[in-house]
Amino acid sequence: MSFETDKQILGDLIDVNFEPGETIKMVCQPQVKSFYLNEIRGALIILLILEGVFVIGMIIAYLAKHHFDWRDVLPMLGFLALFFSYGIINSTKKAGKTTYVITDISIIIYKDLRNPRTIVINRVDIQTKELTRTFIDKYLGTGTIRIFTGEMRDNDGTPEKVYDNISSVTEPEKVFALI
């Protein structure tokens, strides 16, 4: 099987038409274990913040001599745990169905879970790129590359940068150099 055939098959799988002279430099997927552990880390950080708010609320209630009933709080904590668990499982499923294709002309992010979505980023449109690595990424040899192409979104009247992420890839320095 020739490289052109492979390029054609890959193009059909991710619903992209490659240019005739376009060269595929790398095809990769996120490392699911790293992605999963980073999602858990993020959820734990949010839960830690919520716990801090909860403790401050308890201190204020104690100082105000207000009675605090635990039976009202425990179901809410259980709901939060279920909510975060669902989010982590759903995000990890999406990561397992994601493919990154880096060519000499573009970067393609293909996500295939329920409704397939393809993001094509032209290399000439890339304004900034940054490599981020959590302690989990450093331990597992992975990293996330954030790409900014100049796209802005309005967030309550404040402009906000929109980043495309290439998440939890192995050998992130190599991928960063290819972009």
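Figure 1. With a relative accessibility of 14%, Ser-167 counts as buried, because buried means under 20% relative accessible area. This close-up, like the others here, comes from a predicted model. Ser-167 belongs to strand 7. Leaving aside residues up to four places away in sequence, Ser-167 touches Pro-30, Phe-35, Tyr-100, Gly-143 and Thr-144.

**Figure 2. Ser-168 has a positive phi.** Next we look at Ser-168, which also has its place in strand 7, residues 158–170. The phi of Ser-168 is near 50°, a positive value in a residue other than glycine. Is Ser-168 buried or exposed? At 2% relative accessibility, Ser-168 counts as buried.

Figure 3. Glu-171 sits in the loop between strand 7 and helix 5, the latter spanning 172–178. Here again phi is positive in a residue other than glycine, with a value near 50° for Glu-171. Glu-171 is partly exposed, its relative accessible area being 45%. Which residue pairs with Glu-171 in a salt bridge? The partner is Lys-174, and the closest N and O atoms are 3.9 Å apart. That distance counts because the cut-off for a salt bridge is within 4 Å. Lys-174 is partly exposed as well, with a relative accessible area of 45%.

**Figure 4. A salt bridge links Glu-173 and Arg-133.** Side chains of opposite charge can pair when their charged atoms come close. In this view, the closest N and O atoms of Glu-173 and Arg-133 are 2.9 Å apart. Glu-173 counts as partly exposed at 44% relative accessibility, and Arg-133 counts as partly exposed at 28%.

**Figure 5. Glu-160 and Arg-153 meet in a salt bridge.** The side chains of Glu-160 and Arg-153 come together at 3.1 Å, taken from N to O. Glu-160 is partly exposed, with a relative accessible area of 29%. Arg-153 likewise counts as partly exposed, at 45% relative accessibility. If you are keeping a tally, how many salt bridges are there? The count comes to 4 salt bridges, including the pair of Glu-160 and Arg-153 shown here.

**Figure 6. Gly-157 lies in the loop between strand 6 and strand 7.** Strand 6 covers 142–155, and Gly-157 is found in the loop between that strand and strand 7. At 58% relative accessibility, Gly-157 counts as exposed, because exposed means over 50%. For a sense of scale, compare the position of Gly-157 with that of Val-27. Their C-alpha atoms are separated by 38 Å, and the two residues are 130 residues apart along the chain.

**Figure 7. Four residues form a positive surface patch.** Which residues make up the positive surface patch? Its members are Lys-94, Lys-111, Arg-114 and Arg-117. Arg-114 is found in the loop between strand 3 (106–111) and strand 4 (117–122). At 65% relative accessibility, Arg-114 counts as exposed.

How values were computed: Residues numbered from 1 in each chain as written. Predicted model: local features only at pLDDT ≥ 70, side-chain atom pairs only at ≥ 80, totals over all residues. Heavy atoms only, no water. Patch = residues over 30% accessible without salt bridge, like charges linked within 9 Å, V, L, I, M, F, W, Y side chains within 5 Å. Areas by Shrake-Rupley, 256 points an atom, 1.4 Å probe, with all protein chains shown as cover. Lys, Arg positive; Asp, Glu negative; His and termini not counted. Charge placed at Lys NZ, Arg CZ, Asp CG, Glu CD. Helix = DSSP H or I, 4+ residues; strand = E, 2+ residues; numbered from the N terminus. Buried < 20%, exposed > 50% of the residue type's maximum accessible area, 1.4 Å probe, protein only. Contact = heavy atoms within 4.5 Å.
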